[in-house]
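Hi,

Here is the structure I promised to pass on to you. Please open it next to this message, and my notes come after it.

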Amino acid sequence: MQANNNFETVLSDYTNNKSYLTHQELISLKSQFDSEQSFYDALLKWVSEYAIAPVSQFKVAALAIESGGEGRLFFGANLEFSHQALSLVVHAEQSAIHNALLHGVEAIEKLVINASPCGYCRQFINEIQLEKQPLINVHGVEKTIQQYLPDAFGPSDLDNHTPLFSQSLTQCRDLNAYVEQSYAPYSGNFSACQIKHVDGHQYFGVYLENAAYSPSLSPLQAALNQVQLHNRQTGLHGISEIVIKQTAGKANQQGVANAVAMSLGSNIEVTIEEV
Ligand code: THU
Ligand code: ZN
């Protein structure tokens, strides 16, 4: 069955400044489709329009389905920055995983993506505790992370026995509390970011490190991605203030934060506070 026009209207309504679907919303939307996969495909297409990809024009969408708990479905989309190093990009899979974590999800049951996960994302996903690894669904074919990334290098290689999702986050909307709950087992640079928007909303991002270091998600990238996922029409426009709080004397968020803020093309001031 073809999704009717109603699908997008209802979705726009459900996701007004909200980066996920509740279980009820999920059930009601799914009922418009003949199969679960046709629902995922339609939703991926819709979520891909959250992507900001000025460099590649390649819009990636990811859906993270909560295991147990409230049974919510979290969105993820890629974020690129014009005139900046390509390495600053946020991948859709990172986006969906951070979005779920930030909202208190204890485990992700399934990660549905509209393109095969790249090596960088496979490594990012590999940071998740083994028992909580999501099934990865690409065009209806479901595989485990072990299938996607055999002979992996991961947290245990660095003697980290409390990998990502060992602990779930408490939703607090408080920068200090997010700093404490950030995931920085390798550098000790616990950090989080708060972004204030001209419309009065506030967005948060928590730092998520990786055993291989490079697929780590910085708190600013994470918070900007939250702005994007909450503002389908306006994207990153309307940011009035960025505050980053981090553990003093460790690895540092300042350089990358200034570079990213500069690429937003306005005079947004970045404040760095230390704890
Ligand atoms: N991309 C993702 O978001 N996930 C993947 O695993 C594949 C690549 C994004 C990154 C970049 O914004 C664009 O797709 C082209 O690589
Ligand atoms: Zn990727």
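Below is what I found in it, starting with the ground rules.

This is a predicted model, so to speak of local features we need pLDDT of at least 70, side-chain atom pairs count only at pLDDT 80 or more, and totals for chains, interfaces and linings use all residues. Residues are numbered from 1 along each chain as its sequence is written, chains are lettered from A and ligands numbered from 1 in the order in which they are written, and side-chain values use heavy atoms, with hydrogens and water left out.

**The ligand site**

Ligand 1 has 13 residues around it, and Asn78, Glu80, Ala92, Glu93 and Cys118 come nearest (near means that a heavy atom of the residue lies within 4 Å of the molecule). That shell divides into seven nonpolar, four polar and two charged residues. Here Ala, Val, Leu, Ile, Met, Phe, Trp, Tyr, Cys and Pro count as nonpolar, Asp, Glu, Lys and Arg as charged, and the others, Gly among them, as polar.

Glu80 has a polar side-chain atom 2.5 Å from an oxygen atom of ligand 1, and Glu93 has one 2.9 Å from a nitrogen atom of the ligand. From Cys118 it is a polar backbone atom, 2.9 Å from a ligand oxygen. A polar contact is a pair of N or O atoms within 3.5 Å; within protein, one must be able to donate a hydrogen and the other to accept it, and residues adjacent in sequence count only if both atoms are side-chain atoms. Taken alone, ligand 1 exposes 370 Å², and the protein buries 81% of that (Shrake-Rupley method, 1.4 Å probe).

**Two helices at the start**

Helices here are DSSP runs of H or I with at least four residues, strands are runs of E with at least two, and both are numbered from the N terminus. Buried means under 20% relative accessible area, exposed over 50%, and partly exposed in between, with a 1.4 Å probe and protein chains only.

In helix α1 (residues 6-14), Phe7, Val10 and Leu11 are buried. Down the axis of α1, these buried residues fall within an arc of 100 degrees, so they line one face of the helix (the arc is that of the directions from the helix axis to the C-beta atoms). Thr9 and Asp13 are exposed on the face of α1 turned away from that buried side. The buried residues of α1 pack against β1 (20-21), α2 (23-30) and α3 (36-47), where contact means heavy atoms within 4.5 Å.

Helix α2 has Glu25, Leu26 and Leu29 buried. Because they fall within an arc of 100 degrees seen down its axis, they line one face of α2. Its buried residues pack against α1, β1, α3 and β3.

**A buried glutamine**

Gln221 is found in helix α8 (residues 219-230) and is buried, at a relative accessible area of 5%. Its side chain reaches the backbone oxygen of Leu88 at 2.5 Å. Leaving out residues up to four places away in sequence, Gln221 touches Leu79, Ser87, Leu88, Val89, Val90 and Ser216.

**Two backbone angles to check**

Most residues other than glycine have a negative phi. His83, in the loop between β3 (73-77) and α4 (92-102), has a positive phi near 55 degrees, and is exposed at 81% relative accessibility. Tyr213, in the loop between β8 (202-206) and α8, has a positive phi near 65 degrees, and is exposed with a relative accessible area of 54%.

Best wishes
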